[in-house]
Amino acid sequence: MRIQRILANNPGSFTGPGTNTWLVDDGGGCVVIDPGPMNDVHRDRIVEQTAQLTPLGVLVTHTHPDHAPLANPLARELGVPAYGYAPGPAFDPDLRIGEGSVIDIGESRLEVIHTPGHADDHVCFRLADVLFTGDHIMGGSSVMVEDMGGYLASLEKLRGTGLSRLNPGHGDEMDRPDDVIDWYLAHRRQRHEEILEAIRDGAGSTDEIVEIVYQDVDRALHPLAARSVEAHLVLLFEEGRIASSGHELVALPTNPT
Ligand SMILES: [Zn+2]
């Protein structure tokens, strides 16, 4: 099995060094995971790398604009189907996949794991003990979360499942996946408590919470942080730890039972 990373030229505050497109080739066939944004140079590089191989499919982990828009045109050019969990703004899967779907690559098989949280339509792809994580887990940073309860469950689901490597949608490959997952879980729990603390200290809105909790984070990332804060707030509401009073958030006393 040969796994190759092709880095798209879309670096930025939200994408790190750029989107990682993964080419997975087992000799009998290959697939492309997350072709990335519309970009002719990147498309030509992917096509060039697959020229001597047998392409079988183009796969997307989720439909965000830095991952999926090139999928349909690339799939058409390679004459293979585009696989995805659901249609998105610039993506329409030829074949829909979900939890437990299997995609055969020659003698190997890629297993689909539904991992909602960063996005509802997010999946990871597992190849033996290697996991292609998309934006569920990134190399070198935490991720923006839309649904915190779902996200934490999607992290727990991967923990202790015998993985030995994570190949993310941004940043470098990671060894020791369970340690990485533990860091992510601890980081989210810490943010959860910091947000509750900020509300106790009088922060009454998302923006005020971001100013306090994310004061050490690059301001360019504050809009993304605000979305993660909203996801934490929904979970804090569900847990009965906060309420809203007028337009202000308030922390509820801890139930002694
Ligand atoms: Zn994303």
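**Sheet and helices**

Author: Start with an open sheet of six strands, ordered β1-β2-β3-β4-β5-β6, with mixed pairing. Strands are DSSP runs of E, at least two residues, and helices are runs of H or I, at least four, numbered from the N terminus. Two strands pair if DSSP finds at least two bridges between them. This is a predicted model: local features need pLDDT of at least 70, side-chain atom pairs count only at pLDDT 80 or more, and totals for chains, interfaces and linings use all residues. Residues are numbered from 1 along each chain as its sequence is written.

Reader: Which strands stand at the edges?

Author: β1 (2-7) and β6 (95-96) do; each has a single partner strand, so one side of each lacks a neighbour in the sheet.

Reader: In which sense do β5 and β6 pair?

Author: Strands of a sheet pair through backbone hydrogen bonds, either parallel or antiparallel. Here β5 (residues 82-84) and β6 are parallel, over two bridges. Gly 84 has Arg 96 of β6 as its bridge partner.

Reader: How do I read the packing of α4 and α5?

Author: Two packed helices are described by the angle between their axes and the distance between the axes. For α4 (residues 177-200) and α5 (residues 206-213), the angle is about 115 degrees and the axes are 10 Å apart. Axes are lines fitted to C-alpha atoms, for helices over the stretch in contact; angles run from 0 to 180 degrees between N-to-C directions.

Reader: Which residues make the contact?

Author: Arg 191, Glu 194, Ile 195 and Ala 198 of α4 meet Ile 209, Ile 212 and Val 213 of α5. Contact means C-beta atoms, placed from the backbone, within 7 Å.

Definitions and conventions
Contact = placed C-beta atoms within 7 Å.
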